[in-house]
Amino acid sequence: MLCTRLTNARFLTMDPDRPVAHDLGIWRGRIVGLDEEVTSLPAREVVDLQGATVLPGFVDSHVHLAWAGLKANTPSIAPCQRVEDVLAVVARAAARAAPGAWVDIAGYDQRALGRHLTAAELDRVGQNRKIFLMHDSGHACVVNSAVLDLLPAEVPHQDGFLAESAMTAVRQLRLPYSQDELADAIERAGRTCLAEGITACAEAGIGGGLLGHSPVELGAYQLLRDQGRLPLRVQLMAAGDTLRPRAAHRDDGIPRALDLGLRTGFGDDWLSLGALKIYTDGGMMARTAALTEPYEGMAHTGQFQDDPERIADLIVDGHLAGWQLAVHAIGDRAADLALDALERAQERRPRPAARHRVEHAGLIRPDQLSRFARLGVSAVVQPNFLRHFGDDYADVMGERRAPWMYRGRGFLDHGVTLVGSSDRPVTDGSPLRAIQFMVERASTSGRTIGPDEGITVDEALHAYTTAGAYACHWDDTAGTLAPGKRADLVVLGDDPRRVETSRIGAIDVVATYVDGRTEKGTP
């Protein structure tokens with residue numbers, strides 16, 4: 001007997017051998033058959049979906065759940081466009097905190113203000129608290145003098161603005177978040193994902209790096225799992241700096257590793273270790289993405305996170321230790337570094353099935369596309385970056401380079417696996433709105449950015465289902481609606497392939513199923 005049979009729906013299976021179905025049977029969290037294979041079988045529950053469209057659950061291959069959940073409960077200056085309004089928010093937050101305490105403020109983006117805030121301005125309203133304004137990109141912050149006084153003299157800053165590794169030095173001053181606090185934040189963000197049809201995601205860097213929240217951060221996810229509160233399937237990327245020199249046997253050829261040799265693939269269907277996350281550069285929003293030519297109207301080309309050779313050595317060592325690699329590279333100069341190091345790693349120890357990834361691939365020159373393909377490297381892009389920030393990004397890249405940003409067609413035409421993701425909470429996490437952008441390439445203002453990079457609706461759906469599962473080594477169990485796969489699916493109020501492109505992002509997510517059960521999200 002089936003546990004559940006879903007009927008009277010249009011199932012878009014993403015399986016080329018059987019692309020459409022109308023009935024789907026579930027037993028113990030797995031799909032056991034479609035249409036005539038299950039229609040006549042008895043079931044404990046029969047759900048009439050009343051003509052809805054059903055897809056495999058969306059896979060968001062690059063998110064920051066803990067950061068997203070914490071940010072949701074942090075005072076924000078996001079609506080503010082005047083320095084005076086920002087300082088008023090900071091003053092109110094400081095007044096509620098104990099003397100000497102840290103005061104977190106979210107939503108900082110200097111572009112709305114026309115310049116960066118300064119430590120002196122924050123000092124005026126800081127009330128003897130340690131003020132920390134996190135840049136929306138996750139790559140920079142602004143702090144007051146109470147924080148600057150705690151930093152080593154060699155940490156560079158510009159009137160309280162600190163970027164990349166300098167921001168990491170600030171974060172390291174603070175005590176780690178508790179596992180209980182992180183678990184609550186992760187659950188909060190996970191339920192928002194469910195409401196958007198996401199059934200699985202990859203957490204892009206825990207335990208260290210720019211955005212780690214605790215050296216024992218994995219324990220927060222295990223706590224949720226043990227308590228039955230993990231809302232969706234999560235794959236964890238360990239931050240690159242969690243690797244340490246280990247005295248492994250010389251025949252293992254492992255120069256650096258996590259304790260006990262843990263690596264990609266450890267865990268179960270709900271919680272597992274994924275790729276090793278390694279940063280090369282910064283971001284376009286903070287103007288720290290590493291470019292081969294200067295930003296338009298500026299005299300600089302961004303920056304690397306560390307000495308390029310040290311970054312490359314870490315990439316090679318991660319590969320030698322058996323990890324899948326997720327290399328953050330937004331600018332084209334950073335992509336050169338990433339591709340060079342990945343090629344060197346594969347030459348040292350060939351691992352064709354490693355499925356290494358470049359995260360963001362924000363600005364990729366035409367000559368780099370064939371290198372992605374030749375190395376078998378996936379491009380994990382964030383379409384909603386251009387949907388929300390595309391006008392600004394296009395301006396700072398200039399007319400010639402703007403079409404190279406967050407490519408779609410260019411990757412696919414070269415045979416590169418194109419993977420959709422959000423980088424939540426940097427921007428909107430909705431897969432449907434991202435899919436709409438991938439097709440029409442229009443920002444929220446209506447500006448078209450690189451229209452030749454537009455792809456079809458089917459190709460965009462593939463990026464958020466089948467390709468996402470592939471990038472996370474989940475393709476044996478997820479990404480399509482086929483017998484034996486997990487019963488993770490999203491029920492939509494309309495078919496993205498049949499509505500006008502401009503309406504895709506507004507399609508209702510009617511229900512999200514994980515393990516064959518409807519799960520409640522937070523709208």
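Let me start with the cavities. Searching the whole structure turns up three cavities of 30 Å³ or more. Please keep in mind that this is a predicted model.

The largest cavity holds about 140 Å³ of space. It is lined by 21 residues, and Ser137, His139, Ile330, Asp423 and Val426 are the closest to its centre. Two elements, strand E17 (271-279) and helix H12 (383-401), each give at least two residues to that lining. By type, the lining of the largest cavity has eleven nonpolar residues, eight polar and two charged.

The second largest cavity has a volume of about 70 Å³. Which residues line the second largest cavity? They are Pro56, Gly57, Val59, Thr199, Ala200, Thr477, Ala478, Gly479, Thr480, Lys485, Arg486 and Asp488. Here the division is four nonpolar, five polar and three charged.

Now the cores. In soluble globular proteins, nonpolar side chains tend to be buried together. In this model the largest nonpolar core has 120 residues. Phe372, Met405 and Phe411 are the residues with the most contacts inside that core. Take Met405 as an example. Setting aside its neighbours within four places in sequence, Met405 is in contact with Met284, Gly362, Leu363, Leu386, Tyr393, Ala394, Met397, Arg441 and Ile449. Another core, of 24 residues, lies apart from the largest one, and Ile77, Val90, Val103 and Tyr108 are among its members.

Last, the backbone. Most residues other than glycine have a negative phi, and most peptide bonds are trans.

Pro425 sits in the loop between strand E21 (418-420) and helix H14 (431-440).

Another is Asp159, where phi is positive, near 55 degrees, though the residue is not glycine. Asp159 belongs to the loop between helix H5 (145-148) and strand E12 (161-163). Is Asp159 buried or exposed? Its relative accessibility is 54%, so Asp159 counts as exposed, the cut-off being over 50%.

The remaining place is His473, also not a glycine, with a positive phi of about 60 degrees. His473 is in the loop between helix H16 (466-471) and strand E22 (489-492). With a relative accessible area of 35%, His473 is partly exposed.

That is the tour; I can take questions now.

Terms used: Residues numbered from 1 in each chain as written. Predicted model: local features only at pLDDT ≥ 70, side-chain atom pairs only at ≥ 80, totals over all residues. Heavy atoms only, no water. Helix = DSSP H or I, 4+ residues; strand = E, 2+ residues; numbered from the N terminus. Buried < 20%, exposed > 50% of the residue type's maximum accessible area, 1.4 Å probe, protein only. Core = buried A, V, L, I, M, F, W, Y, C linked by side-chain atoms within 4.5 Å. Contact = heavy atoms within 4.5 Å. 1 Å grid on protein atoms, 1.4 Å probe; cavity = no way out; pocket = protein on both sides within 12 Å on 5 of 7 lines; lining within 4 Å. Points joined across faces, edges and corners; volume = space filled by probe spheres on them. Nonpolar A, V, L, I, M, F, W, Y, C, P; charged D, E, K, R; others polar.
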